[in-house]
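Subject: Structure handover

Hello,

The structure is below, followed by notes on what was found in it. Please read the notes with the model open.

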Amino acid sequence: MFQFFSYYNSFFFFLFFLPSLFPARILPADLFPADLSPNATWNNFVNFIDAGKGANFSGMSELKKYFHRFGYLQVPDNLVDNFTDVFDDNLEYAVVNYQKNLGLTVTGKLDAGTVTQIISPRCGVSDATKTMDNIHVTKHYAYFYGQPRWGRSAQTTLTYAFSGNHMIDYLSSSDVQDAFRRSFSRWSSVIPVNFLESDSYSTADIKIGFHKGDHGDGEPFDGVLGVLAHAFSPENGRLHLDEAETWAVDFKLSKSKVAVDLESVATHEIGHILGLAHSSVKDAIMYPSLSPRTKKVDLKIDDVEGIQALYGSNPDFSYSSLMESDLSSGRVIGNSFKWLTYLVLIVGFLL
Ligand SMILES: [Zn+2]
Ligand SMILES: [Zn+2]
């Protein structure tokens with residue numbers, strides 16, 4: 001009996017000190033150290049963690065502008081400056097839609113996980129699609145309004161060129177060209193579309209360049225991290241990368257904490273050029289965010305299904321190789337899931 005109480009005494013003793021053993025919660029600020037923060041505007045959003053409806057927080061109007069920009073708060077553009085700092089019903093609706101669309105836990109609150117996702121570096125293209133109103137039933141790829149695509153012939157060849165005036169000097173032209181060549185070939189291996197590099201920027205179908213700040217297309221870039229790149233839907237062809245990023249083709253050579261993998265971003269933006277909007281599938285190339293120092297270049301089944309529904313399949317394409325890569329990433333997910341299960345079991349046992 002005595003031993004029983006003794007066991008319980010030590011158990012409560014342990015529980016008493018449990019909070020000091022673990023931090024109260026992991027804040028995005030811890031996940032994104034100061035020198036890794038996306039940019040001043042977005043980084044301020046960490047102050048809104050756990051803010052609930054009705055709360056009035058200085059700067060909340062900036063978060064509303066963010067949701068408006070990425071397609072979650074539909075108001076006419078001329079009313080954006082009228083946003084208040086109050087967490088109102090419209091903001092809650094935007095948060096719910098954001099969480100659903102990006103595969104987060106739907107709480108309608110600015111929980112730490114949601115804010116971490118909000119401040120993550122991402123593509124500048126809006127997440128709004130024609131399926132936005134019923135995203136709870138469409139957890140996959142999406143298209144732009146009207147499902148635009150290039151050409152209508154069975155076999156299409158698109159030319160691409162780099163802007164001579166808008167390149168970066170710390171990567172060689174051939175490194176940039178190689179990264180894009182590999183990115184284009186991933187898409188051409190699954191659909192009957194060929195890509196051909198051209199020297200003529202003015203006549204090329206796809207025009208690629210590194211641009212800084214306001215560069216004349218109404219979608220200004222914002223400096224280090226934040227928005228990384230953007231591209232336009234068919235048949236516009238413009239693909240712009242934020243010149244302010246530390247672009248990398250090999251993380252062994254680029255030690256910067258804010259280095260962004262050029263090939264990963266190129267592959268994503270080419271998806272837009274071809275007509276895919278953002279996907280809700282986290283592993284998909286067309287998911288809107290990408291962490292620094294992360295390489296994510298393989299098309300997933302979701303990307304392939306989306307693009308093939310638009311262009312048809314490349315006759316040489318087979319699902320078997322793709323399935324292998326999807327399954328191997330599944331095994332990684334399986335392992336982390338196992339660890340999570342162990343953690344939940346341990347915490348469950350303790351409590
Ligand atoms: Zn995008
Ligand atoms: Zn642009």
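Helix H8 (residues 262-274) lies across strand S3 (206-211), S4 and strand S5 (238-242), and runs at about 25° to S4. Helices (H or I, at least four residues) and strands (E, at least two) are DSSP runs, numbered from the N terminus. Axes are lines fitted to C-alpha atoms, for helices over the stretch in contact, and angles run from 0 to 180 degrees between N-to-C directions. Two residues are in contact if their C-beta atoms, placed from the backbone, lie within 7 Å.

This is a predicted model, in which local features need pLDDT of at least 70 and side-chain atom pairs count only at pLDDT 80 or more, while totals for chains, interfaces and linings use all residues. Residues are numbered from 1 along each chain as its sequence is written, and chains are lettered from A and ligands numbered from 1 in the order in which they are written.

The sheet is open and has five strands in the order S2-S1-S3-S5-S4, with mixed pairing. Its edge strands are S2 (193-197) and S4 (229-231), each of which pairs on one side only. Two strands pair if DSSP finds at least two bridges between them. Neighbouring strands are turned by 20° against each other on average, direction ignored. S1 (residues 156-162) pairs with S2 in the parallel sense over five bridges, and Thr 156 stands opposite Val 193 in S2.

UniProt, in an unreviewed entry, places the feature "binding site" at His 215, Asp 217, His 230 and His 240. Its positions are given in the numbering used here, feature names are shortened, and annotations may be inferred rather than shown by experiment. These residues are spread over 26 residues of sequence but cluster in space, with a largest C-alpha distance of 12.1 Å.

- His 215 is in the loop between S3 and S4. It counts as partly exposed because it has 16 C-beta neighbours inside 10 Å. Not counting residues up to four places away in sequence, His 215 touches Pro 220 and His 240.
- His 230 is in strand S4. It is buried, with 20 other C-beta atoms within 10 Å.

Regards

Technical notes
Buried ≥ 20, exposed ≤ 12 C-beta atoms within 10 Å, placed from the backbone.
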